[in-house]
Number of protein chains: 2
Amino acid sequence: MSQYRAPLTEMLFVMNDVAGLADVSSLPGFEDASPDTVAAILEEAGKFASGVLDPLNVVGDREGARLRDDGGVATPPGFKDAYRQFCELGWNGLAKDPEYGGQGMPQLVAAAIDEMWNSANMAFELCPMLTGGAIEAIEMNGSDELKQRYLPKMVSGEWTGTMNLTEPQAGSDLAAVRTKAVPQPDGSYKIYGNKIFITYGDHDYTDNIVHLVLARTPDAPPGVKGISLFVVPKFVVGADGRPGAANDVRCVSLEHKLGIHASPTAVLAFGDGGGAVGHLVGRENNGLEYMFVMMNQARFGVGMQGVGVGERAYQRAAAYARERVQGRVAGEKGTSGIIGHPDVRRMLMSMRACTEASRALGYVTAAALDHAHRHPDEAVRAKKRAFAELMIPIVKGWSTETAQRTASLGVQVHGGMGYIEETGAAQYYRDARIAPIYEGTNGIQALDLANRKLRGDSGAAMQALEGEIAQFLAAETDATFVGPLRRGLDVLAEARARMLAHDPVSANAVATPFLRLAASVVSGWLLAVQAREAAARLANGSGDPAMLKARIAVARFYLSDILPQSLALASVVAAGKGELMSEAVLPLG
Amino acid sequence: MSQYRAPLTEMLFVMNDVAGLADVSSLPGFEDASPDTVAAILEEAGKFASGVLDPLNVVGDREGARLRDDGGVATPPGFKDAYRQFCELGWNGLAKDPEYGGQGMPQLVAAAIDEMWNSANMAFELCPMLTGGAIEAIEMNGSDELKQRYLPKMVSGEWTGTMNLTEPQAGSDLAAVRTKAVPQPDGSYKIYGNKIFITYGDHDYTDNIVHLVLARTPDAPPGVKGISLFVVPKFVVGADGRPGAANDVRCVSLEHKLGIHASPTAVLAFGDGGGAVGHLVGRENNGLEYMFVMMNQARFGVGMQGVGVGERAYQRAAAYARERVQGRVAGEKGTSGIIGHPDVRRMLMSMRACTEASRALGYVTAAALDHAHRHPDEAVRAKKRAFAELMIPIVKGWSTETAQRTASLGVQVHGGMGYIEETGAAQYYRDARIAPIYEGTNGIQALDLANRKLRGDSGAAMQALEGEIAQFLAAETDATFVGPLRRGLDVLAEARARMLAHDPVSANAVATPFLRLAASVVSGWLLAVQAREAAARLANGSGDPAMLKARIAVARFYLSDILPQSLALASVVAAGKGELMSEAVLPLG
């Protein structure tokens, strides 16, 4: 059995040399996040991930979360205690506001550490991830009273948070939300309705759960403009700030899922017994806007799940390929591990290249979020915000799609053993499969990129990004990078122009190929940056030479072996809808 | 819940118009396989698949095969009875030799019907598939006595067959087989050793199981040249031809697998109690050669699993996409099924195009096998044999790889519901994952294509295939097909030349990309043939216009949207090993 080891030197290299940790540390409020401090924090996180979370991953998968006879939810053995330790060590509040007890670390640091939690135990990580989204929604839009009552407990992890969007008839389409919220004389609301797919909708980690619930008030306009956001605690919080009477919310059932078994996915019934007490967040009918704030955070988080599970699948496959002896390796005497076989090496390199590409995408986006929040210059903030918003559907869509492929290759490297559950490779394949689906399917990410992000600003943010790539190319001399990347940039610029020229249906019809194409070019650029910085370090003798050489090799492999397939999508993007909408091709009925 | 419906008109169209059923029917011995008879057989098979096998698929997944306390294996409820019906209706002997009670139908017909079994219930189909391989090994190489004793019972399905190759240290590398076979004075052998991953290695369908076992005699040379093949029945067959005393073979455990739960995957211990009675097949030390005969058959069969599971995943996803209403569809009033959304249509079209491509590959290969066995002209037989042997790794490698992607898209079309096991889409995703692994991993298929099939005849068979594509292009006038296919043919010819020029390590390093590239071009050709024939039928008014138009649309989609990505692998194939073997890139230790 391979144990997870956080790739600390690789992570820190990308944080420092690609994502610009020093610049992030110099932002107001991040003075404590010096590169040395961050390295120490990562090392501690790595220990917790390897020592506590990783060993529980298999148990979580086998036992799963279960609905108890009394209606509560039992999490798998060891999870509750791990959560307690997680909170005691302060991990829950790592990047949260010090005003509510957080440690105020940058998103960049949180992203790297979230990657570790996800590598070690994706089902566990969902709980703090969702709590983080709920914190953000209350923090940005809630009243002072809501903030004071809920945030300190949620930042410490004493209470967890959930996002209640989906209903049976309202998944990707939130306009169809039917849950009702009826105003009460005391200013609160009574909530009635059923929500499905609620991650950690019930569990036994904590003595309260804070549900963020989308619902409609009686006079609300139809569609997305009539949705409001409510805080609905599992136990009503008294004047003393402590959980009191049980609220009228009940976990009706848990889903039987393909993976992430340790994460309870609940069907919640609100208001069956007279109405659940809820408190409005912000103003009525603005719920969707608020929800999108936490959604963006969650989408980024799901992208980091892709990075984490991809890294873990790679580690396990590489360890197996080193141990497993089978057949002679060309040019070697006798037998050696299958890692010597070229075809196995190709699989491992693909896994590694895609994981490193999505890591770079994720960290650079996290750093941009930090600048967007903290930079003293509003112009810089706006520029970084536009970049981050452009990148979030790419991070979510591409990192999760490649992670699924990486997890599948991980199974393949194991051969027949990969298909046996005890080996562990299959769990990543099952767990990873959710990431392209939740927090907005990857199809929704592609539409977000094509419409709100690209057409929404007439391509300005994408052009700015292309400009950065062009700037890199102007200064880079290594032909192995310049050639493929220049071609990639040209193809991307052409595809962007095509997308802007397309009619809306055509833009939607090729949104997914466009996301793949754009993500691959941006990934190629970031890996080329990684290679340039690695070469510079090799030249001046700073850093582990083997680690640095491997980074250059990964970048080369990505640009030569992976990028070309995505660039081939240019003709698909250019063609637009073609015959896709024709009933003759695919009947609607 | 969507029920499987055999796509009879589509299947028959491909059999008749692409694979040349009429030509197959005119081969000696296939007089009964007239197109009309075949259509009637397919219709009956479709009923059995939909009515009996498909409803058991979910049960099989949920209950799985289990090791009973008494050591026997219990298959899931309903499977034993389904197997009995399957045999009573004669399906087991469909394409088997009439001399042993079979119906002597062509491989082409068997391929189409196997596709149905696999669509309906892949775990069930494995049993007749393995029996078929064992029949072939005995039929081609066994003594008359072995044939008379075993084949009639195996053709009827009264006894099933297994293939015992793998041992813990001998998977892809059969040179490492250690199981021993010690000659006895009566001409039999005693077998000692452990075999793993034995599909249907034990079960309760029948009162005997015929194991085909690879083992070494005491004086055998090392490596693959010292492997012999033995028949080892579960119950020793007496002079009366009936199963007698239990042989010394024991099912030690069943694997806990990612999918195909209804198929018992056994660890078998031979000879723990003094030695299992075995009978040599053919001559000593020729076992690997014999095994490759049945292996080829099994590899083709696994390719058809890819077609079958892909078709089923498509049907379920399309049915869901028609029912599920979510969001407004551009250009439509109100709401309609998500099948109206361009991004969902792209997913469905991809699923369909890849499934139809692999169906065409499979059927054409099956027809070639029929010609290779039966054509009166030895030159034609040789040509068809070379084509079929070239195609088998492509059918296995490509159809299973695309099926896995298709099954994954099937999950994605379902959104969050796809991740819930009860929906059924996830089962295909899990079941399909084995196909790229067993009967030779897809990496092994790629090496087989690159080495034995391509370099083995200096590219002659591939060039002959390219010649057929060129011939098609010379006569075709529709530019939407000619353009992409001509480019594909040029790229393939160049890649083939590169493969032949590569050093062996380079050829192995890019064998997988080469297989993808070659498979995609050949698929594109066959779909273009399909489109040409469909257009001809539309022009002369024979056949269902909607079905025919859809075939043309699928071919166009494949050539415009799917083929280009595979062609982009040309540069990867051309580059060869590059830095892939460097320790700096990927350390061995």
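At a relative accessibility of 40%, Glu158(B) counts as partly exposed. The structure is a predicted model. The side chain of Glu158(B) forms a salt bridge with that of Lys153(B), at 3.3 Å from N to O. Lys153(B) is also partly exposed, since its relative accessible area is 22% and the buried class lies under 20%.

A second salt bridge joins Asp272(B) to Arg250(B), with the closest N and O atoms 2.8 Å apart. This pair links distant parts of the chain, 22 residues apart: Asp272(B) is in the loop between strand 11 (265-270) and strand 12 (276-281) of chain B, while Arg250(B) belongs to strand 10 (residues 249-254) of chain B. Asp272(B) is exposed, with a relative accessible area of 51%, whereas Arg250(B), at 45%, is partly exposed.

Asp503(B) and Lys577(B) also meet through their side chains in a salt bridge (3.3 Å, N to O).

In chain A, salt bridges with shared partners join Glu10(A), Glu115(A), Glu311(A), Arg352(A), Glu356(A), Arg359(A) and Arg551(A) into one network. Over all chains, the count is 62 salt bridges.

Helix 7 (residues 287-323) of chain B contains 37 residues and reaches 53 Å from its first C-alpha to its last, close to the expected 54 Å. Of its 37 residues, 31 are buried, so helix 7 of chain B is largely enclosed by the rest of the structure.

Definitions and conventions. Residues are numbered from 1 along each chain as its sequence is written. Chains are lettered from A and ligands numbered from 1 in the order in which they are written. This is a predicted model: local features need pLDDT of at least 70, side-chain atom pairs count only at pLDDT 80 or more; totals for chains, interfaces and linings use all residues. Side-chain values use heavy atoms; hydrogens and water are left out. Helices (H or I, at least four residues) and strands (E, at least two) are DSSP runs, numbered from the N terminus. The expected span of a helix is 1.5 Å times one less than its number of residues. Buried means under 20% relative accessible area, exposed over 50%, partly exposed in between (1.4 Å probe, protein chains only). A salt bridge is a side-chain nitrogen of Lys or Arg within 4 Å of a carboxyl oxygen of Asp or Glu.
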